[in-house]
Amino acid sequence: MMNTHMFPLVACAALAANAAASTVLYVQDFEAAGPGSGYSTTNQYITTPHYTHFLHTDGSALPISNYTNTTGSFISGFNTNWFLGHPTLGTPTLTTDSFDITGMTNLQFAIDLASNTTTPHWTTTSQVTFEYRVDGGAWIDIFAADSAGVHMGNPMVDGVAITNAFTTFTANISGLTGTTMEIQVVWANLSTLESLAIDNMAVSVIPLPPAGFAGLGMLAGLGIYRRIRR
């Protein structure tokens with residue numbers, strides 16, 4: 001079943017009572033895979049060197065799995081740059097189906113992220129990118145998971161560490177003009193012992209808070225929020 005505990009998204013408890021609920025334009029819990037699931041991926045694969053894989057899984061199909069805070073299935077990529085020189089596989093990529101954003105100018109992107117490893121391993125070139133495009137145009141960055149230039153560092157987004165426990169990261173997408181949007185995740189360069197998994201993706205309309213709360217930055221920046229388990 002689809003996980004609904006993270007919606008609607010709010011910036012903090014003080015704003016929750018003062019802002020209307022967000023309108024969710026796209027939601028994906030990755031419980032399903034294949035045609036009709038709302039997204040597509042490049043070929044999913046698993047091989048032996050250094051636990052290399054890119055696949056839809058509940059964790060049981062992985063050679064090792066240190067992911068925690070999981071809810072059903074998710075997409076996991078481990079040592080994905082092993083595939084870059086492959087004649088038919090190439091860079092692992094996930095792309096959502098197109099969804100309607102007619103009349104929307106400011107949206108919020110949310111996604112749960114986790115790294116399989118429990119100690120810092122990412123190099124300065126390790127990266128997974130999150131992008132959007134409108135009306136089939138050029139892909140535009142939302143944010144990237146990387147080590148912030150630290151060799152053998154923690155994977156992070158905008159200075160916030162990604163751990164082996166799935167945690168929700170959000171960012172605003174503003175200044176939009178168009179009618180359709182797609183989201184793309186690219187496991188651009190993960191080497192030995194480097195991994196990133198995604199779950200519970202959503203794109204929502206963020207309502208403007210009352211003027212007295214605007215200064216709290218509900219519509220600015222990128223934040224991290226812990227998922228609540230029931």
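Two rings of Phe, Tyr or Trp, with Trp represented by its six-membered ring, count as an aromatic pair if their centres lie within 6.5 Å, and the structure shown above holds 13 aromatic pairs. The structure is a predicted model, and its chain contains 1 helix and 16 strands.

**The chain as a whole**

**Aromatic pairs**

- A pair of aromatic rings is described by two quantities, namely the distance of the centres and the angle of the planes.
- Tyr-26 and Phe-99 form a stacked pair, with 5.1 Å from centre to centre and 25 degrees between the planes; the pair counts as stacked because the angle is under 30 degrees.
- Tyr-26 belongs to strand E1 (residues 23-28) and Phe-99 to strand E7 (residues 99-100), so this pair ties together parts that are 73 residues apart in sequence.
- Both Tyr-26 and Phe-99 are buried.
- Tyr-45 and Phe-54 form a tilted pair, for which the distance is 6.0 Å centre to centre and the angle between the planes is 50 degrees, and both Tyr-45 and Phe-54 are buried.
- Tyr-45 and Phe-54 also belong to one aromatic cluster, together with Trp-82, Phe-83 and Trp-187.

**Nonpolar cores**

- In soluble globular proteins, nonpolar side chains tend to be buried together.
- The largest nonpolar core in this structure has 39 residues, and the members that touch the most other members are Phe-130, Met-181 and Ile-198.
- Several strands each supply at least two residues of this core, including strand E8 (107-114), strand E9 (127-134), strand E10 (140-146) and strand E14 (180-189), and it is E15 that gives the most, with 5 residues.
- A second, separate core has 7 residues, among them Leu-62, Tyr-67, Phe-74 and Phe-166.
- When neighbours within four places in sequence are left aside, the contacts of Phe-130 include Phe-109, Ile-111, Leu-113, Ile-142, Phe-143, Val-185, Leu-196 and Ile-198, as well as Asp-141 and Gln-184.

**Strand E9 and its partners**

- In E9, 6 of the 8 residues are buried, so this strand is largely enclosed by the rest of the structure.
- E9 pairs with E10 in the antiparallel sense over 6 bridges, and in this pairing Phe-130 stands opposite Phe-143 in E10.
- E9 and E10 form a hairpin with 5 residues between them, and Asp-135, which is in the turn, has a positive phi of about 55 degrees.
- E9 also pairs with E14 in the antiparallel sense, here over 7 bridges, with Tyr-132 standing opposite Ile-183 in E14.

**A buried loop residue**

- Thr-80 lies in the loop between strand E5 (74-78) and strand E6 (93-96).
- Thr-80 has a relative accessibility of 0%, and it therefore counts as buried, for which the cut-off is under 20% relative accessible area.
- If residues up to four places away in sequence are not counted, Thr-80 touches His-53, Pro-92, Trp-187 and Leu-190; of these, Trp-187 is also a member of the aromatic cluster with Tyr-45 and Phe-54.

Technical notes: Residues are numbered from 1 along each chain as its sequence is written. This is a predicted model: local features need pLDDT of at least 70, side-chain atom pairs count only at pLDDT 80 or more; totals for chains, interfaces and linings use all residues. Side-chain values use heavy atoms; hydrogens and water are left out. A nonpolar core is a set of buried Ala, Val, Leu, Ile, Met, Phe, Trp, Tyr and Cys residues joined through side-chain atoms within 4.5 Å. Buried means under 20% relative accessible area, exposed over 50%, partly exposed in between (1.4 Å probe, protein chains only). Helices (H or I, at least four residues) and strands (E, at least two) are DSSP runs, numbered from the N terminus. Contact means heavy atoms within 4.5 Å. Rings of Phe, Tyr and Trp (its six-membered ring) pair if their centres lie within 6.5 Å; planes under 30 degrees apart count as stacked, over 60 as edge-to-face and the rest as tilted. Two strands pair if DSSP finds at least two bridges between them.
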